[in-house]
Amino acid sequence: MAYDAAAELARVKKFYAGDPLQKRFSALITGETNAGKTYLLRTARLPVHIDSFDPGGTKGLRDMIASGDIIVDSRYENDDPFDPKAYADWKKATDIRFQIGYYNQFGTYCLDSATTFGMAVMNYGLANKGRQGESPQMRIDYAPQKNEMTNYFRKLMNLPCDFILTGHLREMRKVLSVDTKTGVVREEVKFRFYTTGQAVVTIPLLFDEIYVITGKQGSDGPRREMLIDSLGEYIARSRLKAKGLLNAVEPPDIKALLKKSGFEYGDKPKLVIP
């Protein structure tokens with residue numbers, strides 16, 4: 001059968017129009033400790049499922065947890081490095097949940113956070129080598145950890161709901177000059193996603209959106225903002241902003257961003273919990 005270019009063009013256009021990944025929101029939300037990364041989930045599409053690796057990290061969501069709008073699996077929060085189980089348990093649960101269509105009922109899935117999740121993955125890898133509780137070795141431990149994390153983040157990109165990964169920031173200082181007379185040091189300060197080695201580049205590339213939550217002192221107390229497009233001190237970017245409907249700095253409100261950029265922002269039906 002001869003190749004039909006018109007039919008192939010129609011097939012490609014039809015696939016793109018029906019591809020759910022083109023309509024789904026994925027974001028890496030970074031910020032310093034207590035910046036409000038987890039608290040931001042109050043503004044995500046409901047219901048929200050959180051797999052929490054951060055001890056006590058979801059306490060600020062207690063009211064929405066009680067109402068059933070947010071479901072938290074907190075069994076991964078206290079991994080014992082000498083007897084690690086968190087990552088193996090999470091991996092098994094995640095695979096089962098994909099198989100049974102568990103995520104279909106949620107508006108948003110969140111893995112909180114990349115930092116503590118990475119620690120659990122490392123604990124798992126060391127235990128498999130019979131080296132529980134030991135310090136990781138650069139050449140033989142970090143590459144497998146990075147690959148394991150990246151592979152599962154790629155799997156989570158196929159979720160039938162929005163996907164948010166939270167992460168901490170690492171402060172990086174570089175001395176630019178030292179005044180020989182006064183001793184004054186001029187430094188360049190940058191903040192980058194805190195993770196292992198080259199994963200600082202490869203993991204963010206998986207996400208459509210990279211946001212940074214920052215805090216400023218206002219007249220009525222702390223005021224939080226969300227950078228969605230920034231280079232220099234912070235790294236942030238947004239594919240939603242490409243439409244010209246978003247500013248470089250926006251209020252920390254996920255559903256408001258989605259609505260403003262013309263994406264689906266509505267909640268899914270409230271969960272029926274036995």
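User: How many disulfides does the count come to?
Analyst: A disulfide is a pair of cysteine sulfur atoms within 2.5 Å. In this predicted model, the sulfur of C110 is 11 Å from the closest cysteine sulfur, in C161, too far for a bond. The count comes to zero.

User: What conventions apply here?
Analyst: Residues are numbered from 1 along each chain as its sequence is written, and side-chain values use heavy atoms, without hydrogens and water. The model is predicted, so local features need pLDDT of at least 70 and side-chain atom pairs pLDDT 80 or more, while totals for chains, interfaces and linings use all residues.

User: Is C161 buried or exposed?
Analyst: Buried means under 20% relative accessible area, exposed over 50%, partly exposed in between (1.4 Å probe, protein chains only). C110 has 0% relative accessibility and counts as buried. C161 has a relative accessible area of 2%, so C161 is buried.

User: Which residue just after α4 takes a positive phi?
Analyst: Helices are DSSP runs (H or I, at least four residues), numbered from the N terminus. Helix α4 covers residues 114-128, and its buried residues include F117, M122 and L126. Just after α4, the residue with a positive phi of about 70 degrees is G130.

User: What reach does helix α4 have from its first C-alpha to its last?
Analyst: The expected span is 1.5 Å times one less than the number of residues. Helix α4 has 15 residues, with 21 Å expected. Its reach is close to that, at 21 Å.

User: What is the relative accessible area of V201?
Analyst: V201 lies in helix α6, residues 199-202. V201 is partly exposed, with a relative accessible area of 44%.

Notes
Helices (H or I, at least four residues) and strands (E, at least two) are DSSP runs, numbered from the N terminus.
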